[in-house]
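Let's take a friendly walk through a protein structure. Have a look at the sequence and the model below, and then we will go through some of its salt bridges and one of its helices.

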Amino acid sequence: MLKPFYLRQSAAHKRLLELAASVGALHLRDLFAGDPDRLHRMSASLEGLYLDWSKHRVTEEVMDALFALAEEAGWAKGVQDLFAGERINQTEDRAVLHMALRGDAGDGFTVDGKDVMDEVLATRRAMGAYADAVRSNGRITDVVNIGIGGSDLGPLMVTKALRNQSEGGPNVHFVSNVDGAHLESVLDSLNPETTLFIVVSKTFTTQETMANADAAKAWIEAASLPVSDHFAAVSTNVPAAVAFGVKEAHVFGFRDWVGGRYSLWGPVGLSIACSVGSAAFGELLAGARDMDRHVAEAPARENVPLISALLGVWYREYLGFPTHVVLPYAQDLDRFPAYLQQADMESNGKYVGRDGLPVEHATGPVVWGEAGTNGQHAFYQLLHQGTDIHPADIIAVDAPLSAYTDHHTKLLANAIAQAEALMCGRNEADVRAEMEAAGRTAAEIEAVAPHRVFRGNRPSTFILLDALNARSVGQLIALYEHRIFIQGLLWNVCSYDQWGVELGKVLAKNILSEWSEVSTGSEHDASTQFLIERLKR
């Protein structure tokens, strides 16, 4: 079990408070002007990935203090315990070892002293063989993944990101919402004879997933087709899946040391493998494994996930910035912000510490975002001139993402320009000079100039991938996974449970059970009871 860490009682915390009062007021333009070597010291290149954090409101003194904070929190020991299979998911008494799903035979991942890699690799081979068989079976033109949360967001995001590697595979669709319109909108364009469903539910009891699975089963049966030929399952509840109609050989399971939002690397990623094939899926795992080795082996000052995590803590705790915005300048990554919302907010959106007591500080930020350049015509106004500051991750890809290479040049130019605009802004003197040169009158300048001023000094990380391929996507996702874990260490929260998700599920189940009953009106508050009774009518 990870030891509690009390951030506000640490020696580094006091120093960071002092720096927040001084350095926090400096402008990034001045930091660059006073330090010609800043970019070199605040950037890193890994194979296939370049990360530039020079446009952040930090100095070497701030980074020193942040690294000291990480040392006090025992970040390296925390990473070591994570990879050693210690039961760091303390509220559920489980190890956290999704890294094993992307491991190699000699990596030595163990749980309770038992090497887990033989089982992981056997499942990987079986899953890959099944996916390749689906791809080579001309009878299957469409695959529908039925899941929710981690059983949907990760596979959906990766399948979209690897669109260019899916040639020869089936069309892959995703259904998650219990709103029947979601399933209906997918099935409307499909032929039951050529459709395969993958039901993803660890327990095979998830309400939303099983409602959609039952409806899909009825759709297949209505076409007089055998259920067993049109369903596979990802579940640990093999008997329930077999009773549903899935062949036992087509049920792929995983252990309880794999959390849902970290599960795309194993059987939950079956839809990904059906889309791109087992070889490309292996490259996805290899990219994530590269980042695993980096976070476990790189020294602190070269450790990209650690640096990313520390910058986030600096803004959340010391400068009071409430959100973290993720801006992929790649349409194929347009679901990446939504994926990170779950990965981050379900992990670190906690107010109870590892000691069971309320924490004294802010924890996980609100994570949000949208693909560029769409976001520029939606919410960037707030990023540039809003009253709150929202640190941004701008993600771009060097290699063109389509045959329209001229489009790609424009896309990259926009990504770079937004990072520059967020940092530099535009002062009033420049605005006035520009308006004067354009022939605007003195009265017009006086009235309009203040509205055209950008203060700048808004921080961003620029992440550049050489190409958008399976390996780079794996690397990118794992970077954020480790960022989230390290931030959880510093914030003293249990990052791998999600008890806040459970209450709504329980109450929804209770309300559903009451739907056909005559209520006395005493079970709920007046508002809830009224809504139930109105909708029942």
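Is arginine 471 buried, partly exposed or exposed? Arginine 471 is partly exposed, with a relative accessible area of 31%; buried means under 20%, exposed over 50%, and partly exposed in between, using a 1.4 Å probe and protein chains only.

This is a predicted model, where local features need pLDDT of at least 70, side-chain atom pairs count only at pLDDT 80 or more, and totals for chains, interfaces and linings use all residues. Residues are numbered from 1 along each chain as its sequence is written, and side-chain values use heavy atoms, with hydrogens and water left out.

Side chains of opposite charge can pair when their charged atoms come close. The structure holds 32 salt bridges (a side-chain nitrogen of Lys or Arg within 4 Å of a carboxyl oxygen of Asp or Glu). Here are some of them:

| Salt bridge | N to O distance |
|---|---|
| Asp37 and Arg41 | 3.9 Å |
| Asp334 and Lys160 | 3.1 Å |
| Arg471 and Asp290 | 3.0 Å |

Arginine 471 lies in helix α19 and aspartate 290 in helix α12, so their bridge ties together parts that are 181 residues apart in sequence. Helices here are DSSP runs (H or I, at least four residues), numbered from the N terminus.

Now turn to helix α9, which spans residues 207-222. Its buried residues include Thr209, Ala213 and Ile220.

Terms used
Helix = DSSP H or I, 4+ residues; strand = E, 2+ residues; numbered from the N terminus. Expected span 1.5 Å × (residues − 1).
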